[in-house]
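Please read the following walk-through with the coordinates open.

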Amino acid sequence: MNAPTVTMIPQADPGAGYRAQKAEIDAAVARALDSGWYILGKEGAAFEAEFAAWLGAGQHAVGCANGTDAIALVLRGLGIGPGMTVATVSHTAVATVAAVEMVGATPLLLDIDPDTYTMDADELVSVLEDPPPGLPPIKAVIPVHIYGQACDLGPMLEATQAAGIPLIEDCAQCHGATLGGRKLGTLGTAAAFSLYPTKNLGALGDGGVLATADADLAQRIAAIRQYGWKERYISATVGVNSRLDEVQAAILRVKLTALDAGNARRRTIAAAYDEALANGPVVAPYRRPEAEHVFHQYVLRTEDRAAVQAKLKAQGIGTGIHYPAPVHLQPAYRDRTPLGPAGCTETAKASEEVLSLPMYPELTDAQLERICAALRGL
């Protein structure tokens with residue numbers, strides 16, 4: 001007889017997020033479609049206002065086409081471009097670095113803290129005090145709050161303020177996370193959020209939003225995202241086309257209402273994983289004490305990744321690798337993208353050892369227990 005088929009629990013399941021709010025999302029989509037206005041209308045304006053209010057701290061939000069554009073728009077709004085360097089990290093989605101190059105700036109890739117996988121604050125301080133030779137001047141810094149946890153922003157903010165340059169928070173994976181009681185995205189000059197379907201706040205297509213407490217900067221960026229228009233068809237400045245459509249905005253308004261509860265569920269799942277891993281060979285992810293994690297990903301680290309992944313797959317547990325190759329080792333960037341003095345050694349090591357478990361609020365208790373049982377058996 002054939003062995004029974006094991007139902008796979010996927011590592012990510014954006015469709016489950018839709019099904020959890022199907023009636024409300026379907027009604028919002030119908031409302032947007034019935035309006036007859038599909039670009040930069042009432043839904044987009046309402047989402048921007050609601051997202052800014054949810055962030056707090058006097059923020060202004062500007063919707064755009066995707067998270068990559070959100071970073072690029074902030075850079076454009078700040079006048080960052082050719083002849084300038086932007087310091088960021090290699091352990092990130094390639095979008096972060098792609099956005100820097102979209103505006104013509106040079107990315108400088110720094111190493112990570114091996115516990116949190118976020119930018120090494122000491123290396124940033126070092127390069128701001130003593131920039132690598134042969135590079136254009138460093139004019140901005142983009143730390144990435146990866147996996148849903150805050151960077152060590154204190155020394156970074158102090159260093160960038162001393163250097164007189166902006167700190168732009170890459171918040172693609174940290175919707176709702178906090179540091180010192182304040183939401184990430186409200187601590188730097190500006191912040192960029194991806195609204196890709198698998199994010200903690202995800203659209204059902206592409207989308208992005210940026211935030212800043214600087215009303216003038218928000219107004220400039222709002223013009224840049226639509227050809228530099230302040231008056232229709234008249235480009236006051238050079239701009240691009242990067243707009244969040246009305247259907248996605250309507251969907252995001254619904255999903256924003258469930259974001260805090262979804263993050264709480266993610267923390268519950270993470271706590272269950274922690275308990276299942278206790279005293280085993282694989283340790284639970286580190287949490288920064290003064291920060292509240294929102295677990296966009298729950299990331300294990302093991303030198304036996306292939307074996308662990310195979311064990312979990314055999315029991316129907318899907319996993320992912322975020323990210324299998326750091327940016328500086330990918331073909332498009334290898335040997336041409338400058339690195340900080342640490343040479344991204346911790347970054348390269350992490351890329352060979354990280355492994356992401358299933359993490360989304362719609363995981364059922366039964367699925368969670370199956371995963372935990374498998375973790376206890378590692």
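**A buried helix position and what follows from there**

Ala270 counts as buried because its relative accessibility is 0%, under the 20% limit for that class. The model in which this value was computed is a predicted one. Ala270 sits in helix α10, which covers residues 259-277. Leaving out residues up to four places away in sequence, Ala270 touches Arg287, Phe295, Tyr298 and Met359.

Lys199 lies in the loop that runs between β8 (190-194) and β9 (208-212). Although Lys199 is in a loop, this residue counts as buried because its relative accessibility is 13%. What does Lys199 touch, not counting residues up to four places away in sequence? The partners are Ala172, Gln173, His175, Ser194, Arg266 and His296.

Another buried residue is Glu48, at 15% relative accessibility. Glu48 belongs to helix α3, which spans residues 42-55. Once neighbours within four places in sequence are set aside, Glu48 is in contact with Ala61, Val62, Gly63 and Arg225. Two of these contacts can be described further. For Gly63, the backbone nitrogen is 2.7 Å from a polar atom of the Glu48 side chain. For Arg225, the contact with Glu48 is a salt bridge, and the closest N and O atoms are 2.8 Å apart. Arg225 lies in the loop between α8 (215-224) and β10 while Glu48 lies in helix α3, so this pair ties together parts that are 177 residues apart in sequence. Both Glu48 and Arg225 are buried.

That pair leads on to the other charged contacts. How many salt bridges does the structure hold? There are 12 salt bridges in the structure. One of them joins the side chains of Arg336 and Glu101, with an N to O distance of 2.9 Å. Arg336 is in the loop between α11 and α12, and Glu101 is in helix α5 (residues 95-102), so the pair ties together parts that are 235 residues apart in sequence. Arg336 counts as partly exposed because its relative accessibility is 46%, and Glu101 counts as partly exposed at 27%. Some salt bridges share partners: in this way Arg31, Glu43, Glu50 and Arg253 are joined into one network.

A further salt bridge is formed by Arg19 and Asp13, whose closest N and O atoms are 3.5 Å apart. Arg19 is exposed, with a relative accessible area of 53%, whereas Asp13 counts as partly exposed at 25% relative accessibility.

The remaining points concern the backbone. Two residues have a positive phi although neither is a glycine: Leu40, at about 50 degrees, and Tyr233, at about 70 degrees. Leu40 is located in the loop between α2 (22-35) and α3 (42-55). Is Leu40 buried or partly exposed? Leu40 counts as partly exposed because its relative accessibility is 28%. Tyr233 is located in the loop between β10 (229-231) and β11 (234-235). Tyr233 counts as exposed, since its relative accessibility is 60% and the exposed class begins over 50%.

The bond joins His322 and Tyr323, with omega at about 15 degrees. Tyr323 is placed in the loop between α11 (305-314) and α12 (345-351). Arg336, the salt-bridge partner of Glu101, also lies in the loop between α11 and α12.

Key: Residues are numbered from 1 along each chain as its sequence is written. This is a predicted model: local features need pLDDT of at least 70, side-chain atom pairs count only at pLDDT 80 or more; totals for chains, interfaces and linings use all residues. Side-chain values use heavy atoms; hydrogens and water are left out. Helices (H or I, at least four residues) and strands (E, at least two) are DSSP runs, numbered from the N terminus. Buried means under 20% relative accessible area, exposed over 50%, partly exposed in between (1.4 Å probe, protein chains only). Contact means heavy atoms within 4.5 Å. A polar contact is a pair of N or O atoms within 3.5 Å; within protein, one must be able to donate a hydrogen and the other to accept it, and residues adjacent in sequence count only if both atoms are side-chain atoms. A salt bridge is a side-chain nitrogen of Lys or Arg within 4 Å of a carboxyl oxygen of Asp or Glu.
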